[in-house]
Amino acid sequence: MAVTVGLLVLGAGAVGAMRAATRLDRLHVRTDAAWAALDAALCRRARVVRGAEGSAALRRAVDAALLAGSDAALRTGAAGREEVENELGRVLAILDRRGLEPARAGRLADAEQRVVIARRVYNDAVRDTLALRSHRMVRWLRLAGTAAAPRYFEIAEPESSHDGLELDGAGA
Amino acid sequence: MVCPYSLATPGGVQAHVLGLAKGLRGLGHQVEVLAPATTGSSLPEFVTPAGRAVGVPYNGSVAPLAFGPVAVNRARRWLRDHDFDVLHLHEPDSPSLSLIALALADRPVVATFHFATVRSWALAAAHGLLQPTMEKITARIAVSPLARRVQVECLGGDAVEIPNGVDVSYFARAQPLPGYPRAGGTVGFVGRFGEPRKGMPVLLAALRRLARTRPDLRLLVVGHGDGTALRRAAGPALASRLRVLGAVGDEGKAAVLASVDVLCVPAIGGESFGIVLSEAMAAGTPVVASDLDAFRLVLDGGRAGVLVSTGSPAALSAALDDLLGDPERRVALAAAGRRRAATWDWPVVARRVVQVYETAVAADPRRLAAGVAPFVAAGAGSRRYRPG
């Protein structure tokens, strides 16, 4: 009798562990795919900036070394990337867009909006992954294996992302 | 797109889904909508009915949801019949078609969250059970900073803010009802006037005060509710000043907005956005509304409309009195409202939604597995989507 109950409990535990492992696997894949999309969006923003070399206003504002730095960070990976992308974002935030021709300004705004969206998508994937990894069962059974825990991508967002609806005081 | 609420019942989410679908089609995308509805009701051709809806008390009102074996079958068939690039679900954490579609989904999912109130305890308790399904969502959209905050604080996700759209030209070119605008002043109310949180009792109390100094003032009421009960609640003094048109549909609503001097939205809570405010602004009708967070955001902190203390008949009557006696201010507010509403025109909002679709497609794990480079949009209109 006790053996039967014991086996049932073990069986249920095994099923639970398998489900968690499958979920975790799916989440790691989701996070990788989301990073690919974020990477693409950041690259696109950098390309639009670089492509605007004809614009004197943008040339003045964006340091050539900064762009070279973002190229290097692309090769080295996520760690240096946040810093470089943040710096680019900071420069773009204080840029006076009236000096740009409308089509270019439009492409830049579009690229920035896509970075915001891609970052949300990526951070959501990271959050779900970290949440599951912190479950007791996942930790004890080391279901995450040797996969490194994903990190949030933290960069400042342009104010225009609020689309005219701003909470007074603290941003959302 | 999946709409969780029956299209036969008017509501913000339903209007949003249909408006967005039309906006996306206007941009050249192929859109299909699945929603509770019975076959035979007059629906746009891109809507697939998914069975009858049952009224479920939810979020302060009764939500017409469809949830059960029939709904599951219809959803499964609909997903199988169409090869969607993106599945766009509205309110997928409610026990509805959206949740069913989410459970069945096998492609990128974009979820839009409309509400800013924290959900029922039942859902909170089911959070653990729902979590594996919610992990299938690729990208989230919230219609306001408030709705987004609920995501971040209570539901473990972040969201892109894209406001509710409005069909600007539809409301801007609507003709007033015969006999309107009329001297003496007309105040409008649009909404479910029998529902306490919509604030009709506050408006009635405010009008009782105003009636003394403005004998020709009238209240024009549009929306679902019991007109007889409303007249009873108004009392003999006010009942003669009420004109209750009832549920008149979009055309009637647009005509009423074009007819009144001021739209009053005295809601006392539970609002995430306030679509009727944006509709009035598109129509060029000045708005007086309660100082709820959502309305404050929509009315740009009081620059595009008048905000009054929530639940205060005294404040409301004072504000209405001021505005009715100041035609220049009404003109200025109408202009500010129109400018603001232009940023919410459906083509503008639909383009922002397409940006989210494109990001969701770029973040599709199947694309990664197939070794395809992430999709990077070359520009607006460069790719036609099949959102469902």
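Me: In what order do the six strands of the open sheet in chain B run?
Reply: The order is 11-10-9-12-13-14, with parallel pairing. Strands here are DSSP E runs of at least two residues, helices are H or I runs of at least four, both numbered from the N terminus, and two strands pair if DSSP finds at least two bridges between them. Keep in mind it's a predicted model: local features need pLDDT of at least 70, side-chain atom pairs count only at pLDDT 80 or more, and totals for chains, interfaces and linings use all residues. Residues are numbered from 1 along each chain as its sequence is written, while chains are lettered from A and ligands numbered from 1 in the order written.

Me: Which strands stand at the edges?
Reply: Strand 11 (242-246) and strand 14 (306-308) of chain B; each has a single partner strand, so one side of each lacks a neighbour in the sheet.

Me: And which strands does helix 8 of chain B touch?
Reply: Helix 8 (residues 227-239) touches strand 10 (218-222) and strand 11 of chain B, and its direction makes about 165 degrees with that of strand 11. Axes are lines fitted to C-alpha atoms, for helices over the stretch in contact, and angles run from 0 to 180 degrees between N-to-C directions. Contact means C-beta atoms, placed from the backbone, within 7 Å.

Me: Switching topic: how many residues does each chain put into the contact?
Reply: Chain B gives 31 residues and chain A gives 30. On the chain B side, helix 14 supplies the largest share, five residues.

Me: What about chain A, how many helices and strands?
Reply: Six helices and zero strands.

Definitions and conventions: Two residues are in contact if their C-beta atoms, placed from the backbone, lie within 7 Å.
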